[in-house]
Amino acid sequence: MRVAFVGKGGSGKTTLSALFSRYVAARGGPVIAVDADINQHLGMILGVDEDDLPAAMGAHLREIKEYLRGSNPRIASAEAMVKTTPPGRGSRLLRLGEATDEIHRRFAVTTPEGPGLMVTGPFDEDDLGVACYHSKVGAVELYLNHLVDGPGEYVVVDMTAGADSFASGLFTRFDLTYLVAEPTRQGVSVYRQYRDYAAEFGVRIAVVGNKVQGPEDVEFLRSHVGADLLTWFEHSRSVRALEQGRAFRLDDLEPANLDALALLLKHLDAQEKDWERFGRQAVEFHLRNAAAWANRATGQDLAAQVDPEFVFGPAALGSHPDAGSHADAGSHPDAGSHADVASAPMEPAASLA
Ligand SMILES: Nc1ncnc2c1ncn2[C@@H]1O[C@H](COP(=O)(O)OP(=O)(O)O)[C@@H](O)[C@H]1O
Ligand SMILES: [Mg+2]
């Protein structure tokens with residue numbers, strides 16, 4: 001299951017992503033937390049020293065594309081692959097249960113409390129435009145498009161609610177999106193925009209209040225978001241320990257906040273996987289991006305990258321013994337061991353906007 005935490009800067013996306021990831025890890029589920037927020041500090045909150053952070057996916061887009069395209073004949077080269085290029089037969093697919101593929105091995109580290117961590121690396125507002133071929137956040141979209149996750153396996157993305165995620169389709173790559181909102185007018189201001197996009201694309205959202213200090217805060221949230229309010233976190237003294245790098249156990253959380261974490265997991269687990277929508281929208285947004293800018297940027301007709309025979313979801317894994325790492329295992333003897341990939345030159349982080 002994939003869940004995104006979105007919201008305004010300072011609302012608590014990173015804090016709640018970290019707490020939720022730790023909560024899920026404590027229950028035994030494989031979980032990868034992905035830092036795709038504009039201020040990268042999920043690693044810090046998860047207790048990872050700066051020197052131990054994983055390689056930034058956004059700085060190795062070419063390498064990631066080279067690996068994921070595998071032997072897919074519709075993708076001629078990594079250069080022809082953009083952030084929305086969907087997998088097809090021959091593409092390499094990723095799994096969480098046995099995350100032994102090149103992408104997880106190279107870009108994920110295990111944090112002290114259990115969750116895995118992947119990071120886009122630093123980016124700024126300029127990286128968030130629609131016509132951004134080298135979007136750092138695009139690495140997350142590629143990752144999610146090639147990931148076949150099952151029940152009891154989790155990806156938690158700490159994400160900026162920016163124009164890029166709407167234009168590229170990133171916001172449609174989740175089973176559920178938690179919109180974190182403080183009980184202030186600023187706090188609820190992104191709600192309407194997100195709700196409208198979500199409704200248009202059948203994306204499931206729920207609002208999670210944060211830093212709530214009393215019943216009037218809950219009333220305020222309810223009056224602005226109505227039934228979309230799933231639960232809320234109280235203003236927590238113990239969360240400060242996370243920021244200060246002091247020892248922090250989930251049990252240190254106030255009981256109401258622990259209950260809220262339990263509810264987030266329960267609600268996520270209750271979502272039905274909809275691989276049909278996932279695949280249809282992957283194609284839809286790719287065609288849209290191809291027409292808007294990507295055909296021009298690559299000099300190719302990227303609509304031809306869509307494999308009409310490819311079925312998203314577990315079906316794509318097939319029945320081959322090594323199918324876990326490969327959508328078309330039969331024709332690719334070296335799946336999962338691309339030693340040459342690691343030395344591929346880095347893609348320049350320039351924008352073609
Ligand atoms: N429930 C909470 N109680 C107390 N402080 C909180 C809570 N949630 C977040 N904070 C604090 O608010 C600040 C912003 O949170 P952060 O998670 O970094 O927001 P975002 O990632 O949305 O920018 C941090 O200092 C964090 O410790
Ligand atoms: Mg943050």
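**Ligand site**

Helix H1 gives the largest share of the shell around ligand 1, 3 residues. The model is predicted: local features need pLDDT of at least 70 and side-chain atom pairs count only at pLDDT 80 or more, while totals for chains, interfaces and linings use all residues. Residues are numbered from 1 along each chain as its sequence is written, and chains are lettered from A and ligands numbered from 1 in the order in which they are written.

Ligand 1 is surrounded by 16 residues, the closest being Gly12, Lys13, Thr14, Thr15 and Ser236; a residue is near a molecule if its C-beta atom, placed from the backbone, lies within 6 Å of it. Two or more residues of the shell come from each of helix H1 (13-26), strand E7 (205-212) and helix H9 (239-244). Helices (H or I, at least four residues) and strands (E, at least two) are DSSP runs, numbered from the N terminus. By class, the shell holds 10 polar, 4 charged and 2 nonpolar residues. Here Ala, Val, Leu, Ile, Met, Phe, Trp, Tyr, Cys and Pro count as nonpolar, Asp, Glu, Lys and Arg as charged, and the others, Gly among them, as polar.

**The sheet**

An open sheet of 8 strands runs in the order E3-E4-E2-E5-E1-E6-E7-E8, with mixed pairing; two strands pair if DSSP finds at least two bridges between them. Its edge strands are E3 (109-110) and E8 (229-234), each pairing on one side only.

Strand E1 (residues 2-7) pairs with strand E6 (residues 176-181) in the parallel sense over 5 bridges. Within this pair, valine 3 stands opposite leucine 176.

**The interior**

The largest nonpolar core has 82 residues, and Ala33, Val34, Val140, Val156, Leu179 and Val208 have the most contacts inside it. Such a core is a set of buried Ala, Val, Leu, Ile, Met, Phe, Trp, Tyr and Cys residues joined through C-beta atoms within 7 Å. Helix H1 supplies the largest share of this core, 7 residues.

Helix H5 (residues 138-145) is mostly covered, with 8 of its 8 residues buried. A residue is buried if 20 or more other C-beta atoms, placed from the backbone, lie within 10 Å of its own, exposed if 12 or fewer, and partly exposed in between.

**An exposed residue**

Alanine 315 is found in the segment after helix H11 (275-298). This alanine 315 is exposed because 10 other C-beta atoms lie within 10 Å. Alanine 315 and valine 148 are 167 residues apart in sequence and 9.5 Å apart in space, C-alpha to C-alpha.
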